[in-house]
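Please read them with the structure open.

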Amino acid sequence: LQPVVQDNIPEIAQVIRLGNICLLDGSWTSSAHFSGCGWVWMDSAGNIQLMGTKNFTRRESALHSEVEALRWAMENMLQHSTCQSFGTDCKELIAMIKDPQDWPSFATELERIETLQICFPDFSIIHVPRARNQISDFLAKTAISFHRELLLLVVLFRLSCEKHMKGLEFLQVKERTAACAESAEAAGQLSPLSLALS
């Protein structure tokens, strides 16, 4: 039996300006062969520097996919950035990280997260509204749609993320990420690819 998470986590000021943070999301449906995860790393100026999408054999539940998304995001931040802050729109995931002993059915997965946390002296994870997590959500859902394994890292240059991302910029990310993902499916696994947005 999983704990009930109260919907009372305050959305404090740090979500207003997201900088040097990795936003992540997991995606899961009962009918898909794969689960998916996606993440976006923004530097201290709020510019997107790197994003990733990956699918994997469908996990037991949507929450399992969220945990997998966090684990993969942490691994990539260790390799590619100095970022130690993470953001998710899944309040259950935050509760799990805060009180892992309350989630015994996720013991194995949370042990892996705890091991990774040793490498993050200033680790933090915050809740962000779903509206601020659109790109990660799109990446995770895109990964599910592929019929074989997909692993894609995309380096972005000159994409400015303001307080509210402009619709055109978000559309550019979606269109060009989809194109890269199609290329990845055609050629197998690709990592990384560079993507310049004007």
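Predicted model: local features only at pLDDT ≥ 70, side-chain atom pairs only at ≥ 80, totals over all residues.

1. How many aromatic pairs does the structure hold? There are 5 aromatic pairs, a pair being rings of Phe, Tyr and Trp (its six-membered ring) with centres within 6.5 Å; planes under 30 degrees apart count as stacked, over 60 as edge-to-face and the rest as tilted. One of them joins Phe86 and Phe123, a tilted pair at 5.6 Å centre to centre with 35° between the planes.

2. Residues are numbered from 1 along each chain as its sequence is written, and side-chain values use heavy atoms, leaving out hydrogens and water.

3. Phe86 counts as buried because its relative accessibility is 0%; buried means under 20% relative accessible area, exposed over 50% and partly exposed in between (1.4 Å probe, protein chains only). Phe123, at 17%, also counts as buried. Ring pairs link Phe86, Phe120 and Phe123 into a cluster.

4. The protein chain has 5 helices and 7 strands, taken as DSSP runs numbered from the N terminus (helices H or I, at least four residues; strands E, at least two). Their order from the N terminus is β-β-β-α-β-α-α-β-α-β-α-β.

5. Which residues of α3 are buried? They are Glu109, Leu110, Ile113 and Leu116. Seen down the axis of α3, these buried residues fall within an arc of 115°, so they line one face of the helix; the arc is that of the directions from the helix axis to the C-beta atoms. Their cover includes α1 (62-80) and α2 (91-98).

6. Of the 198 residues of the protein chain, 49% count as buried. Among contacts (heavy atoms within 4.5 Å) with a separation of 6 or more, 75% are between residues 24 or more positions apart.

7. Where is confidence lowest, and where highest? In the protein chain, strand β7 (residues 190-196) is lowest, at a mean of 41, and β4 is highest, at 98; pLDDT is the predictor's confidence in each residue, from 0 to 100. The chain averages 78, and 68% of the residues score at least 70. Over residues 6-16 pLDDT stays under 50, and the model has 13 contacts beyond four places in sequence for them. Residues 189-198 also stay under 50, with 35 such contacts.
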